[in-house]
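Here is a friendly walk through one protein model, written for someone who likes to see the cut-offs alongside the values. Take a look at the structure first, and then we will go through it together.

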Amino acid sequence: MSQEKTITNVPADIAKEMVAAYAKESSKNPSYTKAVWFPAEKIIEIAKTLQDGKHDGLRIYFGQYTANTLDGLASEHVGRNTVLLTPTFAAGQIKSSGGTTGEHEDDTEDIGNKGSLCPKECDGTEL
């Protein structure tokens with residue numbers, strides 16, 4: 001990736017500044033999560049979903065683990081921030097629940113999660 005600053009590309013020094021600003025503000029809160037790591041297999045799975053002709057993008061929601069959302073995770077995740085990766089339907093596509101979609105409507109039947117949270121698993125972080 002080029003280091004030139006564009007709307008879609010953020011140079012490393014600017015990214016570090018942005019992460020540090022978020023960390024400074026968020027670390028005051030026990031829900032602070034610096035990063036969420038996803039394995040390549042999960043990213044490839046999402047990419048395949050987005051290439052099916054029905055989907056037009058990916059919406060990333062910020063969320064927080066609750067006691068009800070821990071399926072397979074350690075209890076220390078409760079209260080920690082995470083992200084939810086939600087493919088979006090292209091306008092006019094037929095949903096499995098019937099009807100057609102509006103522009104960039106969430107595919108709530110294919111929401112991804114279960115990345116590794118930092119702090120806890122932070123090896124390799126540079127930002």
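In which helix do Glu 45 and Lys 42 both lie, and how many residues apart are they? Both are in helix α2, three residues apart, which is about one turn of the helix.

A word on the ground rules before going further. This is a predicted model, in which local features need pLDDT of at least 70 and side-chain atom pairs count only at pLDDT 80 or more, while totals for chains, interfaces and linings use all residues. Residues are numbered from 1 along each chain as its sequence is written, and side-chain values use heavy atoms, with hydrogens and water left out.

**Overall layout**

The protein has two helices and five strands. Their pattern along the sequence is α-β-α-β-β-β-β. Helices (H or I, at least four residues) and strands (E, at least two) are DSSP runs, numbered from the N terminus.

Of the 127 residues, 28% count as buried. Here buried means under 20% relative accessible area, exposed means over 50%, and partly exposed lies in between (1.4 Å probe, protein chains only). The protein exposes about 8,700 Å², and carbon and sulfur atoms supply 55% of that area. Accessible areas come from the Shrake-Rupley method with a 1.4 Å probe, and for residues only the protein chains shown count as cover.

Among contacts with a separation of 6 or more, residues 24 or more positions apart account for 57%. A contact means heavy atoms within 4.5 Å.

**The sheet and the helix across it**

Three strands form an open sheet in the order β2-β3-β4, with antiparallel pairing. The edge strands are β2 (55-64) and β4 (105-106), each of which pairs on one side only. Two strands pair if DSSP finds at least two bridges between them. In general, strands of a sheet pair through backbone hydrogen bonds, either parallel or antiparallel.

Nine bridges join β2 to β3, and within this pairing Phe 62 stands opposite Val 83 in β3. Strand β3 (residues 81-89) pairs with β4 over two bridges, again in the antiparallel sense. On that side, Thr 88 stands opposite Asp 106, and the bridge partner of Phe 89 is Glu 105 in β4. Strand β3 is mostly covered, with eight of its nine residues buried.

Helix α2 (residues 40-50) lies across β2 and β3 and runs at about 135° to β2. For such angles, axes are lines fitted to C-alpha atoms, for helices over the stretch in contact, and angles run from 0 to 180 degrees between N-to-C directions. Thr 49 belongs to helix α2 and counts as buried because its relative accessibility is 17%. Leaving aside neighbours within four places in sequence, Thr 49 is in contact with His 55, Pro 87 and Asp 110.

**Two salt bridges**

How many salt bridges does the structure hold? There are two, and the table sets them out. A salt bridge is a side-chain nitrogen of Lys or Arg within 4 Å of a carboxyl oxygen of Asp or Glu. Side chains of opposite charge can pair when their charged atoms come close.

| Pair | N to O distance |
|---|---|
| Glu 45 and Lys 42 | 3.6 Å |
| Asp 106 and Arg 59 | 2.3 Å |

The salt bridge between Asp 106 and Arg 59 links distant parts of the chain, with Asp 106 in strand β4 and Arg 59 in strand β2, 47 residues apart. Asp 106 counts as buried because its relative accessibility is 19%, while Arg 59 is partly exposed at 30%. In the other pair, Glu 45 is partly exposed, with a relative accessible area of 42%.

The side chain of Asp 106 also makes a polar contact with the side chain of Tyr 61 (2.3 Å). A polar contact is a pair of N or O atoms within 3.5 Å; within protein, one must be able to donate a hydrogen and the other to accept it, and residues adjacent in sequence count only if both atoms are side-chain atoms. Beyond neighbours within four places in sequence, the contacts of Asp 106 are Arg 59, Tyr 61, Thr 86, Pro 87, Thr 88 and Phe 89.

**A loop residue**

Asn 68 sits in the loop between β2 and β3. Is Asn 68 buried or exposed? Asn 68 counts as exposed because its relative accessibility is 77%. Asn 68 and Val 78 are ten residues apart in sequence and 9.0 Å apart in space, C-alpha to C-alpha.
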